[in-house]
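I opened my notebook to look up a few things in this structure. Here is what I wrote down, entry by entry.

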Amino acid sequence: MTAGPENEQGSQVQTATTSVSSVTPSHLATALQREHSEWVRDVSEALGEVTVVVPREHLVAVCSLLKSGSESKFNFLADLCGVDRGPEEEPRFEVNYHLFSTTEFHRLRLKVLLNEQDVHVPTVTGVWRTANWHERETYDLFGIIFDDHPDLRRILLPDDWQGHALRKDFPLRGYEPYTLK
């Protein structure tokens with residue numbers, strides 16, 4: 001807050017000033033691509049949102065840098081979710097990481113693409129503790145395996161559930177025959 005002009009009673013009015021950083025998520029993605037070209041496969045921007053496609057083997061390094069970087073400060077993993085693009089697509093699966101900086105107010109999406117035959121991705125629970133629950137949910141519903149996760153087990157569906165309910169090839173009525181009585 002800074003002191004502004006005086007009001008009718010002669011006291012100064014407090015006005016809020018916000019410092020807007022000149023470093024945008026688009027600039028951060030470009031800098032990341034320039035400095036570590038092997039860490040970035042693609043950068044796209046649509047509807048004001050920047051997406052960086054990252055190879056799975058560099059995911060933890062990218063996340064650590066984006067969290068602790070002096071300009072990025074992505075200290076909040078807002079969401080982590082799986083996407084099944086369908087059995088006819090290859091790569092079939094995506095894991096999306098929605099990052100937010102609570103100090104710079106930046107948003108950035110990281111995307112890891114996975115083939116159907118190899119659905120392993122490293123865990124980022126060492127970077128953001130909240131990833132624990134998000135990764136468990138993605139494992140439960142899509143069958144994506146987060147290597148070195150501290151407690152990778154079902155979180156929403158029963159332990160004896162067969163399959164992964166949000167995969168596009170999962171039958172709408174499940175695998176077990178049932179009747180509506």
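Before the first entry I needed a cut-off: a residue is buried under 20% relative accessible area, exposed over 50%, and partly exposed in between. I also noted that this is a predicted model.

**Entry 1: the cysteines.** I looked up Cys81 and found 24% relative accessibility, so Cys81 counts as partly exposed. Cys63 has a relative accessible area of 0%, so Cys63 is buried. I reminded myself that a disulfide is a covalent bond between the sulfur atoms of two cysteines. I then looked for disulfides, and the count came to zero.

**Entry 2: a covered strand.** Next I turned to strand S4, residues 49-53, and saw that four of its five residues are buried. Which strands pair with S4? I found strand S3 (residues 42-46) pairing with S4 in the antiparallel sense over five bridges. Ala46 stands opposite Glu49 in S4. The two strands, S3 and S4, form a hairpin with two residues between them, and Leu47 in the turn has a positive phi of about 55°. I also found strand S7 (residues 107-114), which pairs with S4 in the parallel sense over three bridges. There, Val52 has Leu110 in S7 as its bridge partner.

**Entry 3: the largest pocket.** I looked up its space and got about 190 Å³. Which helix gives the most to the lining? I found that H1 does, with four residues. Helix H1 (25-35) and helix H2 (59-68) each supply at least two lining residues. Among the residues that line the pocket I listed Leu28, Glu35, Leu65 and Ser70. By kind, the lining divides into five nonpolar, three polar and two charged residues.

Conventions. Residues numbered from 1 in each chain as written. Predicted model: local features only at pLDDT ≥ 70, side-chain atom pairs only at ≥ 80, totals over all residues. Heavy atoms only, no water. 1 Å grid on protein atoms, 1.4 Å probe; cavity = no way out; pocket = protein on both sides within 12 Å on 5 of 7 lines; lining within 4 Å. Points joined across faces, edges and corners; volume = space filled by probe spheres on them. Nonpolar A, V, L, I, M, F, W, Y, C, P; charged D, E, K, R; others polar. Disulfide = S-S within 2.5 Å. Buried < 20%, exposed > 50% of the residue type's maximum accessible area, 1.4 Å probe, protein only. Pairing = 2+ DSSP bridges.
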